[in-house]
Amino acid sequence: MNTDPVSKPFRKTGDPVALTSESPLHPRRKSRRIMVGPVPVGGGAPISVQSMTNTLTADVPATLQQIAELTAAGCDIVRVAVPSQDDADALPEICRKSPIPVIADIHFQSKYVFQAIDAGCAAVRVNPGNIRKFESVGPDICKAATDAGISLRIGVNAGSLDKELYAKYGGPTPEALVASALKEAHMFEDVGFHDFKISVKHHDVITMVQTYRLLASKGDWPLHLGVTEAGPQWQGTIKSCLAFGALLAEGIGDTIRVSLSAPPVEEVKVGCKLLEYMGLRPRKFDIISCPSCGRAQVDVIQLASAVTEGLKNVTAPIRVAVMGCIVNGPGEAREADLGVASGNGKGQIFIKGKVIKTVPEDQIVDTLLEIANDMAAQMEAEGKVPDGSTGPVVVPIQHPNRRNG
């Protein structure tokens with residue numbers, strides 16, 4: 001991920017970039033390439049992770065602070081909402097100071113689209129279904145984007161589907177969503193504009209997957225994947241992973257956003273880890289831990305939770321195994337960079353396959369944290385931590401025997 005300040009003017013969209021990324025599961029769908037600032041999208045480019053700020057865009061310091069946090073978590077592209085004139089007025093400074101490309105999210109008011117382009121946004125997300133008089137203003141938007149060398153995103157959502165298509169298809173069906181996307185895509189292409197990506201979001205996993213499959217069969221547009229209104233963190237993570245996993249396993253998708261009712265940084269963490277586990281990003285920090293079962297001789301849930309929480313800021317590509325019994329424990333701990341096989345009131349600590357020490361159970365966590373941090377510091381010093389590396393996804397676990405206090 002490029003975290004250098006975005007230079008202006010942006011590289012013209014569609015420029016060839018050698019960097020490509022293949023999936024180990026299925027050949028990537030052939031899509032045309034566009035640029036979002038310096039980030040290539042489509043054409044086999046590495047799948048980028050997006051999120052959206054939840055600050056008032058007009059509050060420039062707060063928005064830039066959140067963008068910095070998203071960047072540190074591994075975000076490649078950030079979207080900011082522009083519902084008011086104050087927000088539009090804040091865009092030039094945000095774009096100038098943001099370390100990653102900024103997309104302006106525009107609804108209803110087409111004048112903000114032109115202001116976002118003039119402000120230096122890397123791209124603009126427009127929802128033709130709710131932009132007033134889009135048929136007449138669309139060509140002017142395309143010309144302004146072409147002149148600025150930026151790309152656009154057509155965002156079709158189940159909740160803002162064109163009323164005529166809603167009535168024709170009996171609701172936001174895959175066919176209705178794709179018909180809407182095709183209508184807007186052809187509107188852009190009829191005036192010679194091709195530097196756009198499309199999203200066709202739905203809150204239902206099955207409908208979303210069916211919609212993207214159908215759209216992918218209709219043309220070579222780069223596709224932005226998203227399950228809209230996915231829900232609270234745990235539910236939304238499951239829904240997004242199911243939908244993205246199904247599509248990415250088929251080679252469909254060029255950029256993603258995990259939409260959660262949670263802090264935006266959590267969206268980025270889930271998105272980055274999802275791509276890692278799909279083999280679409282290099283492996284970074286990872287924790288392996290066994291399930292709780294009757295064989296476990298330690299409280300595996302609490303042990304794994306404590307280790308994960310203690311290492312949440314480690315970004316070096318280290319694999320840590322936290323195991324609780326003698327059946328799979330030694331083998332998994334041996335295969336990890338750092339691991340523990342626990343039982344009988346003690347833990348065997350492994351480094352690169354070799355037992356280096358045995359510690360009492362109450363020292364396991366502190367020992368693992370100390371060694372992991374030393375390993376991470378060494379890798380940092382040797383330049384072995386890639387840019388954009390992320391820490392573990394931390395899901396708070398309430399111990400079943402503890403009361404909330």
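How do helix 2 and helix 3 run, roughly parallel or roughly antiparallel to each other?

Reply: This is a predicted model. Start with the geometry. The axes of helix 2 (residues 85-97) and helix 3 (residues 111-119) cross at roughly 15°. Angles under 35 degrees count as roughly parallel. Helix 2 and helix 3 are therefore roughly parallel to each other. Their axes come within 8 Å. The crossing of helix 2 past helix 3 is right-handed.

Now the contact itself. Helix 2 contributes Gln85, Ala88, Asp89, Leu91, Pro92 and Cys95. An α-helix has 3.6 residues a turn, so residues three or four places apart point the same way.

For context, take a second pair. Helix 8 (residues 233-248) and helix 9 (residues 264-277) pack at about 35°. Their axes lie 11 Å apart. This crossing is right-handed. On helix 8, the contact uses Gln233, Thr237, Ser240, Cys241, Phe244 and Leu248. Helix 9 supplies Glu266, Val270, Leu274 and Leu275. The contact of helix 8 with helix 9 holds six nonpolar, three polar and one charged residues.

Notes. Residues are numbered from 1 along each chain as its sequence is written. This is a predicted model: local features need pLDDT of at least 70, side-chain atom pairs count only at pLDDT 80 or more; totals for chains, interfaces and linings use all residues. Side-chain values use heavy atoms; hydrogens and water are left out. Axes are lines fitted to C-alpha atoms, for helices over the stretch in contact, and angles run from 0 to 180 degrees between N-to-C directions. Helices (H or I, at least four residues) and strands (E, at least two) are DSSP runs, numbered from the N terminus. Angles under 35 degrees count as roughly parallel, over 145 as roughly antiparallel, 65 to 115 as roughly perpendicular and the rest as oblique. A crossing is left-handed if the near helix is turned anticlockwise from the far one by less than a right angle, and right-handed if clockwise. Contact means heavy atoms within 4.5 Å. Ala, Val, Leu, Ile, Met, Phe, Trp, Tyr, Cys and Pro count as nonpolar, Asp, Glu, Lys and Arg as charged, and the others, Gly among them, as polar.
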